[in-house]
Amino acid sequence: MNVVQPKKNRIKLLPDHVINQIAAGEIVERPASIVKELLENSIDAGSSQIEITAINGGKQYISVVDDGYGLSKDQAMLAFERNATSKISTIEDLIKIETLGFRGEALPSIASVSRVVMKTRLKEKDVGVRLEFDNGRLKSVQEVGCPIGTSVEVFDLFKQVPARSSMLKNEATEFQQIQRIVGERVIAFHDLHFVLLHNNKTIVDTPGFGNFKDKLEQYLGDKIISNGIFFHREDDKTGIKLHGFLSSPFTLRKTKTYQFLYVNNRAVSSKMMLAALYNAYQPFIPEKNQHPIFVVFIESPPYFIDVNVHPTKFDVRFKNSNQVYKFILETISYQLNTSDFKPSFYKDNLRYEPKESYWSGAKPSNASTAGFKRFPGYQNDDVPLKRNFAENSKFEIIDTFNEADGIIPLSQFQNTYIIAKGKNRIILIDQHTAHERILYEKFLSELKEERISSQRYLLPIFIEVTPEDNELIINNKDIIRNSGFDVKKKSTNCWSINEAPVLLHESEIEQSFLNLVDDIRKSGRDMDKECLIDRMAKTLACHSAVRSGEELTIEKMYDLLNQLDKTKVPSVCPHGRPTLVELNLDEIEKIFKRK
Ligand code: ADP
Ligand code: MG
């Protein structure tokens, strides 16, 4: 038999240029990675103006020119040495890092896979220095006349590394990535003046002043901004601050392009932050592949975070990850649930500004419509958020829909929609989704407290399940019991349901039970207990709610509206579909050209 013998090469230290090329493998993936590193260096150098130029998606040429501190000749040469940095000296410095860079790897890595020319001048010097590197080798160092600050030009990326250059995408795609990198920093460093040119065309030219809102509006457009909310909250316990912008949950996109996350002003991709945000938006998102728009900044004392997780520092780790997750989830949920986003009759004419809330009779205070500090009275406890908010404001809560409120159900349309009128509006309510919202909240609290009321059936319902489900049912009898089902094994894969939640339609018992088993199966893979309970509440609500096509008496309609009024999020069902739309007098008058 032929056995492959391992090569017996002797161990030796790799030469610097090989080490740099290996490091470049992690740091310089594409032109956008170079733009990121150079931009961050310019920002760290205290620049106020930064101009980025790219040709052919950056594959042929990239330059970043700043007006920052600049470097002396010696320092500039040192900057291209591996692990040479001015930003930290000891490992302790790393825990209080305030600059974007600190690993001292970017310049040598970039210079090892391209031709690089740096020109740099200190403020107090009359001349600057020009350094040229060609794929890892220093070509020349000379004094030159140049403006204060630093310019770095990068020619022909990966020309000598064909395996890497073949991985690059077409010009448009590479440039898109550069635009993203620049955009992330335009949003975060709103007092800097950024210019981005591509193939001699100006793509971005921001004023070097203005606030976050202005910059974001330029970036996202005023429609998205005016429909969304700005928020700000600080956690007293940890000193962590959270602020940013959230789009209306009804402004969803097919891609995640408009999502920006920052930790201490460093653009990051954090799974934990994303999970918290998506979980907060989740009640409003009807389908998969729909994505909210958000820009969220966390400011944290540096010792709570570890940015040295990945060479590009794109990922960060929080020391108290669970706490931060909860803080984000609570804050964002609160924001979304207390802002009166409502879909209107006309999609193009959506109006999301918080306005008088007729479902709770509580008006959001003006402070909630604009500005950063929205809720000084925010309380972090288990009181339902909407109620809590209303109680903290001085507005009265009216708990019923009656004529005093001005909401009167008039009739039913297609046995599916309730037509109601308010003082100044017509409202259409989807009876199924509205009832689902009511039941979801009811089941959710009952499941949490393990007190779902169930009903015993004289004739049990028999169901067949797969062998896998069989195991699941046996292993999760407690959870099933707590969800209001009493089941008994009859034969190998046959079970009888003897008891089921009272509210469940009899015809839905079997399907509802099987869906619960599905929920449990999924929870084994990727959910914690809270998510499981949430799913179960949704399943039960969906199978118990009044159907479309069912005729309702006026009394039932009153009752439904009354109960909907008491829910935390009356305007969307637990799956994210709207429960109601309205047409207000203003809109009606516009339609009939009275205004
Ligand atoms: P790091 O940013 O991690 O320190 P780099 O390789 O990116 O490592 O840069 C090395 C050093 O070069 C920096 O620490 C900084 O002192 C200096 N430097 C790089 N770019 C600039 C710039 N645009 N202006 C001033 N100094 C710079
Ligand atoms: Mg750097």
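**Close-up views of a predicted model**

**View 1. An open sheet has four strands in the order 16-17-18-22, with antiparallel pairing.** Strand 16 (408-413) and strand 22 (580-584) are the edge strands, and each pairs on one side only. Neighbouring strands of the sheet are turned by 20° against each other on average, direction ignored. Two strands pair if DSSP finds at least two bridges between them. Strands (E, at least two residues) and helices (H or I, at least four) are DSSP runs, numbered from the N terminus. Strands of a sheet pair through backbone hydrogen bonds, either parallel or antiparallel.

This is a predicted model, in which local features need pLDDT of at least 70, side-chain atom pairs count only at pLDDT 80 or more, and totals for chains, interfaces and linings use all residues. Residues are numbered from 1 along each chain as its sequence is written, chains are lettered from A and ligands numbered from 1 in the order in which they are written, and side-chain values use heavy atoms, with hydrogens and water left out.

**View 2. Strand 18 (residues 425-430) pairs with strand 22 in the antiparallel sense.** The pairing runs over five bridges. Leu 428 has Val 581 of strand 22 as its bridge partner.

**View 3. Helix 13 (residues 431-448) packs on the sheet, and so does helix 18 (residues 554-565).** Helix 13 touches strand 16, strand 17 (417-421) and strand 18, and its direction makes about 75° with that of strand 18. Helix 18 touches strand 16, strand 17, strand 18 and strand 22; its direction makes about 115° with that of strand 16. Axes are lines fitted to C-alpha atoms, for helices over the stretch in contact (heavy atoms within 4.5 Å), and angles run from 0 to 180 degrees between N-to-C directions.

**View 4. Ligand 1 is surrounded by 19 residues (a heavy atom within 4 Å).** The closest are Asn 41, Thr 85, Ser 86, Lys 87 and Gly 104. A polar side-chain atom of Asn 41 lies 2.8 Å from an oxygen atom of the ligand. For a side-chain N or O atom of Lys 87, the distance to a ligand oxygen atom is 2.7 Å. A backbone N or O atom of Gly 104 lies 2.7 Å from an oxygen atom of ligand 1. Helix 2 (31-44) and helix 5 (106-112) each supply at least two residues of the shell; helix 5 gives the largest share, three residues.

**View 5. Residues 344-404 have pLDDT under 50.** pLDDT is the predictor's confidence in each residue, from 0 to 100. The chain averages 82. Where pLDDT is low, the predicted coordinates should not be read in detail.

Technical notes: Polar contact = N/O pair within 3.5 Å; in protein donor to acceptor, adjacent residues only side chain to side chain.
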